[in-house]
Amino acid sequence: MAMTELEQHYNKFNEEKRLDSRHGRVEYITSMHYIHNCIDELLERGMDKNDISIIDIGAGTGKYSVALANEGFDVTAVELVKHNLGLLKAKNSTVKAYQGNALKLKRFQDNYFDIALLFGPMYHLFCFEDKVKALNEAKRIVKPGGKILVAYLMNEYSVITYGFKEKHIEECLRDGRLTGDFHTVSSEKDLYDYMRIEDIDRVNEAAGLKRIKIISPDGPSNYMRPYLNQLSEEEFGHFIDFHLSTCERQDLIGAGAHTLDILEKCEHTNF
């Protein structure tokens, strides 16, 4: 992907504002819930909070990394887009922030971090080999037994919203942007790539990573944005409770806009 295209996109697209919206809050609250589950496991093993090291690869403007640093964790952020990196650094947190690429993290030593977050890079990597390479780099820099949390954009949400709801289905079929079974065919000019669960499984297998669980961080929230906006804060709280109680259901995971795959580097693996 031409870096200039990605930069132009993120210079205009406000990811922080998206995560502050009602539907974005569902995704953020849920993702943080599962990050904290991984942290709690480390604390239960007797680790000191200040010794838990987290790397946020593709950190954007630092929505997650800054919040985690403010909780007292040792957080490092890597972001490709200079505009986003500048916004992250302007928050004056304790996050150690660097410009970098998920495919090449040679700045960081092997087996160093307890937790790695990959919440953006897989959206913009279009070939299987690059996705595997990004996972392998994250795998290399986390400790044996460390967790890697990976976000993907999901195929069916894209087809339903862009194809049918926004009425682009005819042109997508005509232009070969969908396969016969309606799998999106993305290219770098599209900026985003979309996955199905079986696609994610193949990437994990190639990288030799063990899945702990896979969840839907947003569930139905993106389909029902106007209705979420009409809820009172109390009603919205009930929706969050409902979502957290259902987001691990395997029959619902592929339908949301995103998935969050929670992986573990095997204890006996040192690379």
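The model is predicted, so local features need pLDDT of at least 70 and side-chain atom pairs pLDDT 80 or more, while totals for chains, interfaces and linings use all residues. Residues are numbered from 1 along each chain as its sequence is written, and side-chain values use heavy atoms, without hydrogens and water.

User: How are helix 3 and helix 11 oriented to each other?

Analyst: Helices are DSSP runs (H or I, at least four residues), numbered from the N terminus. The axes, lines fitted to C-alpha atoms over the stretch in contact, with angles from 0 to 180 degrees between N-to-C directions, lie 11 Å apart at an angle of about 45 degrees for helix 3 (residues 22-44) and helix 11 (residues 233-246). Angles under 35 degrees count as roughly parallel, over 145 as roughly antiparallel, 65 to 115 as roughly perpendicular and the rest as oblique. Helix 3 and helix 11 are therefore oblique.

User: Which residues of helix 9 make the contact with helix 6?

Analyst: The axes of helix 6 (residues 128-141) and helix 9 (residues 197-207) come within 9 Å and cross at roughly 50 degrees. Contact means heavy atoms within 4.5 Å. Phe128, Lys131, Val132, Leu135, Asn136 and Lys139 of helix 6 meet, in helix 9, Arg202, Val203, Asn204, Ala206 and Ala207.

User: Which helix gives the largest share of the lining of the second largest pocket?

Analyst: A pocket is an open set of points on a 1 Å grid over the protein atoms alone, where a 1.4 Å probe fits, with protein on both sides within 12 Å along at least five of seven lines; lining residues have an atom within 4 Å of a point. Of the 13 lining residues, Ser158, Tyr162, Arg177, Thr184 and Tyr194 lie nearest the centre of the second largest pocket. The largest share, four residues, comes from helix 7 (residues 155-165).

Terms used. Helix = DSSP H or I, 4+ residues; strand = E, 2+ residues; numbered from the N terminus.
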